[in-house]
Amino acid sequence: WESPRTTIYSDKEPPPLEITSPKDGENFYGVEGKTITLEGTTETEAKVLVNERLAIVGSNGKFSINLILANGENNILVVATDEAQNKTEKTLKVTFSNN
């Protein structure tokens, strides 16, 4: 018989996380500025949550997700978690105004 396999992750490094768009502190205006696309890169096996919503990570490590901004200051929390449960977090603030 075959013994059950156990996978042990010895990965102690948190995944890389780069936000390419938007920039921290960026301002958005008007109807077309209400919905933005957050884009970034991480390792291909990582899971990325943006304000607790799952972003799809492609085979090249790139991810993107659309966000609808509220009027005023918007805090965005991006968390990348690898298979060994190491985490990298980044926060940014953007501002939206209707006019």
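Visitor: Quick one to start: what is the bridge partner of Val50 in β7?

Guide: That's Val78. Keep in mind that we're looking at a predicted model.

Visitor: OK, and how many bridges join β4 to β7?

Guide: There are 4, and the two strands run antiparallel. β7 covers residues 72-81, and its Thr81 is the bridge partner of Lys47.

Visitor: Which residues of β4 are on its covered face, and which on the uncovered one?

Guide: Val48 and Val50 are on the covered face, while Lys47 and Leu49 are on the uncovered one. The strand itself spans residues 47-50.

Visitor: What about β5, how does β4 pair with that strand?

Guide: Antiparallel again, over 3 bridges. β5 is residues 53-57, and its Leu54 stands opposite Leu49.

Visitor: Which residue takes a positive phi in that hairpin?

Guide: Asn51, with phi near 50°. The hairpin has 2 residues between β4 and β5.

Visitor: Switching to packing: which residues have the most contacts inside the largest nonpolar core?

Guide: Leu38, Val48, Val50, Phe63, Ile76 and Val78, in a core of 19 residues. Several strands supply at least two residues each, among them β1, β3, β6 and β8. In general, nonpolar side chains of soluble globular proteins tend to be buried together.

Visitor: What does Leu38 touch, leaving out residues up to four places away in sequence?

Guide: Quite a list: Ile19, Ser21, Pro22, Val50, Phe63, Ser64, Ile65, Leu67, Ile76 and Val78.

Visitor: Why does Glu73 count as exposed?

Guide: Because its relative accessibility is 54%, and the exposed class starts over 50%.

Visitor: And why does Lys93 count as partly exposed?

Guide: Lys93 is at 40% relative accessibility, so it gets the partly exposed label.

Conventions. Residues are numbered from 1 along each chain as its sequence is written. This is a predicted model: local features need pLDDT of at least 70, side-chain atom pairs count only at pLDDT 80 or more; totals for chains, interfaces and linings use all residues. Side-chain values use heavy atoms; hydrogens and water are left out. Buried means under 20% relative accessible area, exposed over 50%, partly exposed in between (1.4 Å probe, protein chains only). Two strands pair if DSSP finds at least two bridges between them. A nonpolar core is a set of buried Ala, Val, Leu, Ile, Met, Phe, Trp, Tyr and Cys residues joined through side-chain atoms within 4.5 Å. Contact means heavy atoms within 4.5 Å.
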